[in-house]
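Colleague: I am new to this structure and would like to learn how its packing is read. Could we go through it feature by feature?

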Amino acid sequence: MILNSLSLCYHNKLILAPMVRVGTLPMRLLALDYGADIVYCEELIDLKMIQCKRVVNEVLSTVDFVAPDDRVVFRTCEREQNRVVFQMGTSDAERALAVARLVENDVAGIDVNMGCPKQYSTKGGMGAALLSDPDKIEKILSTLVKGTRRPVTCKIRILPSLEDTLSLVKRIERTGIAAIAVHGRKREERPQHPVSCEVIKAIADTLSIPVIANGGSHDHIQQYSDIEDFRQATAASSVMVARAAMWNPSIFLKEGLRPLEEVMQKYIRYAVQYDNHYTNTKYCLCQMLREQLESPQGRLLHAAQSSREICEAFGLGAFYEETTQELDAQQARLSAKTSEQTGEPAEDTSGVIKMAVKFDRAYPAQITPKMCLLEWCRREKLAQPVYETVQRPLDRLFSSIVTVAEQKYQSTLWDKSKKLAEQAAAIVCLRSQGLPEGRLGEESPSLHKRKREAPDQDPGGPRAQELAQPGDLCKKPFVALGSGEESPLEGW
């Protein structure tokens, strides 16, 4: 049995609620800036997390949990380590424990989602589906309490009857959890339905552990002082804020709400600094703009197809250029340092044309260098380009060689993903031939109607993937590779 380290206190706290697509690192840091005491990440499913590898990202100074497809599922940093709660979706005690042990050294607490009424959660027996299976609830929570070093909590909705609700929460308390968050609505109810402050109060009066009141954004919380009013109405220990914080994270600021323009600019800066995928950044900004989506700035945001374009829409174009250059330079320094330790590829690379280039973001949404190169080969009736990519086990960076008309081309800079390395190799070939590479202002008209090649990252993906880890060393110097529905807001 592992003794829990109950360093996180849930008494008298202002808490950012878990919200799908909202509770990523930039929003959590912004909420902390404005006065939140504890921040929850978005619900992350155990089956996804259990496949992840923990990676120290030296470029961003973060810890990333990276899926086999190189997608960053969860990203955190030292600043929030003592105040971030990891919320998981699970229906299995052993899987839940495996995930908790994977992340416990990088978070302050572990929470189990037992209230989400959305089908993507309940269809797997997770979320609100657990409310009808108290035995499973007890097993999951007891296993976590006994097996992890971090305080364990859960977040529930109320049941149809007060008697059943109180019976359930008393059983949950006996598992030894540190606190319980209660969304004061039933499983079938939505934000437009009134929150049941009296039921939360009955729970708070019944239990000895802290009760965290949730669900007040629609009717109760419009400004900072309303948070305390909601706490008193529910007799809860703490208050968890979801939609009001999503609309303006400065809701946690004692001095009052900050202007939305200021809040959005601060959010964008965090999004760029921590390489948040532009689709996620755009989604969160749209939630903040709300009725202003039809404004000139809202239309610019709606049209944006990259982080650069989002920054330009908010007057942060220079910040974007400066920050991305700094991150690229840091990555290049780390790559060069690693190259000195590992050496160049073992295979003979004589006759390879090389340049120190990287695939940046100065390309329109519809065009990539690989597409330009493929189109050129077709026009010249050449065989299509062949890409050979290798990965260094020490830092898991990639390098690609493209062969066109029996000539090989390669960038000397190693990159974070196979796709980015291939794009860099294509750029070397195109520049060597004096051909357009698809950058803004030099697009090839013949490519405009072609389907865009899959981007180097999917939503939530990183700027810089994992770097050197002791466990990555292996006997063979390289690993050869082959050539080659919008989620709704978590409103419970």
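Colleague: What covers the buried residues of α7?

Modeller: Before I answer, please note that this is a predicted model, in which local features need pLDDT of at least 70 and side-chain atom pairs count only at pLDDT 80 or more, while totals for chains, interfaces and linings use all residues. Residues are numbered from 1 along each chain as its sequence is written, and side-chain values use heavy atoms, with hydrogens and water left out. Buried means under 20% relative accessible area, exposed over 50%, and partly exposed in between, with a 1.4 Å probe and protein chains only; contact means heavy atoms within 4.5 Å. Helices (H or I, at least four residues) and strands (E, at least two) are DSSP runs, numbered from the N terminus. In helix α7 (residues 197–206), the buried residues are Cys197, Val199, Ile200, Ala202, Ile203 and Ala204, and their cover includes α6 (162–173), β10 (179–183), β11 (211–214) and α8 (224–234).

Colleague: Which residues does Thr234 touch, leaving out those up to four places away in sequence?

Modeller: Thr234, which lies in helix α8, touches Cys197, Ile200, Lys201, Ala204 and Ala213 on that count. Thr234 counts as buried because its relative accessibility is 0%.

Colleague: How many residues does the largest nonpolar core have?

Modeller: In soluble globular proteins, nonpolar side chains tend to be buried together. A nonpolar core is a set of buried Ala, Val, Leu, Ile, Met, Phe, Trp, Tyr and Cys residues joined through side-chain atoms within 4.5 Å. Here the largest has 118 residues, and Met49, Phe86 and Ile180 have the most contacts inside it. Helix α10 (residues 260–273) gives the most to this core, with eight residues. A second, separate core of 20 residues includes Phe359, Leu373, Leu430 and Leu435.

Colleague: At what angle do helix α11 and helix α12 pack?

Modeller: Two packed helices are described by the angle between their axes and the distance between the axes. The axes are lines fitted to C-alpha atoms, for helices over the stretch in contact, and angles run from 0 to 180 degrees between N-to-C directions. Helix α11 (residues 278–289) and helix α12 (residues 296–303) pack at about 160°, with their axes 10 Å apart. The contact is made by Lys282, Leu285, Cys286 and Leu289 of α11 together with Gly298, Leu301, His302 and Ala303 of α12.

Colleague: How many residues of helix α15 are buried?

Modeller: Helix α15 (residues 369–379) is mostly covered, with eight of its 11 residues buried, and these pack against β14 (386–391), β15 (398–404) and α16 (418–432).
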